[in-house]
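Visitor: I have the sequence and a structure to look at. Please walk me through how its parts are arranged.

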Amino acid sequence: MKIDCCMITTNLKSRLPLMQNCVDSLEKHQDKFNQKIMSVDIFPDGGVFMDWYTKFQKTGWKVLSKKVAPKGSIILNQRNAVSNASADIVLYTEDDIVINSIPKLTTIHKLFNEELVNGRRAGFICFNNHVWRKFNENPKHIIDFIHDLSNYIVVDGDVFLIKNVKIRDKYYLNFPAAITTKNLFLELQDYAFVKKIGYSGEQAITESWFETGKDKEYQVLISLKHEIIDDLKSGKKISVLDFYNYANINFWNNDPSLRHPVTPGRRAGDSYEDI
């Protein structure tokens, strides 16, 4: 059974090249998708009209739109995309990354339906391989964790790091891309809307994950290149900064070409306090 792809973006002309790069990378994996959903935040100034997106509709994208809100607009855009999914499992992504590899459908369904990961099912697969808040620091407990092969699982050739409380922080669940279920995504948001006022998007769903006891039911994984296993077995020493190069995406943390100015007003849009 295929998954749904749910991408959020904006109509701002300055971001269209980034978005096109992301779409191009997703098209290479379209055999995995039941639906391709694009939710566009419409800015009144500096953006293209919605008829510009007709070309994506012609290639199978379901294009949704909403007016940008002065508060909480990113959160609402996420919800607009994911709530329109029809598949149980979704790939959520933002528009400023390149997705190089997605786990096989067999892998995804095994992880979400079978208790393969230390006796639990997967609940959230991160593509951002964040393990520590500062690139130039290498705390011993973090370095020990990423060098311990027992913290990894390989399913049908796909490699994942199994997260646990040893590396828990405010971004335990994170973006810009993740695989989870539609129901879990919306349930975490529902809780955050009520209980996590004042938290940013990633921090809110992380806190919601633990406060609702999801950590007792499910495992959180990081999707990684297979080379990580070979390099660890060879004895290669990997720093926090090096670890980002094993991500299956190109994004802000490992690809300077994808770094861009913050869209005016968007920081406030990524907070539950504003909704």
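Visitor: At roughly what angle do the axes of helix α3 and helix α6 cross?
Guide: This is a predicted model. Helix α3 covers residues 73–83, and helix α6 covers residues 182–195. Their axes come within 10 Å and cross at roughly 150°.

Visitor: Which word describes that direction, roughly parallel or roughly antiparallel?
Guide: Angles over 145 degrees count as roughly antiparallel. The axes cross at roughly 150°. Therefore α3 relative to α6 is roughly antiparallel.

Visitor: What is the hand of the crossing where α3 passes α6, and how do the contact residues divide?
Guide: The crossing is left-handed. From α3 come Ile75, Gln78, Arg79, Val82 and Ser83. From α6 come Lys182, Phe185, Leu186, Gln189, Asp190 and Phe193. They divide into five nonpolar, three polar and three charged.

Visitor: Which strands stand at the edges of the sheet?
Guide: Nine strands form an open, mixed sheet in the order β3-β2-β1-β4-β9-β6-β10-β8-β7. An edge strand here has a single partner, so one side is left without a neighbour in the sheet. That applies to β3 (61–67) and β7 (152–155).

Visitor: In which sense do β6 and β10 pair?
Guide: Strand β6 spans residues 121–126, and strand β10 spans 218–224. Arg121 stands opposite Tyr218 in β10. Over five bridges, the sense is parallel.

Visitor: At about what angle does helix α4 run to β6?
Guide: Helix α4 is residues 105–113. It lies across several strands, including β1, β4 and β9. Against β6, α4 runs at about 125°.

Terms used: Residues numbered from 1 in each chain as written. Predicted model: local features only at pLDDT ≥ 70, side-chain atom pairs only at ≥ 80, totals over all residues. Heavy atoms only, no water. Pairing = 2+ DSSP bridges. Helix = DSSP H or I, 4+ residues; strand = E, 2+ residues; numbered from the N terminus. Contact = heavy atoms within 4.5 Å. Axes fitted to C-alpha atoms, helices over the stretch in contact; angles between N-to-C directions. Parallel < 35°, antiparallel > 145°, perpendicular 65-115°, else oblique. Left-handed = near helix turned anticlockwise from the far one by under 90°. Nonpolar A, V, L, I, M, F, W, Y, C, P; charged D, E, K, R; others polar.
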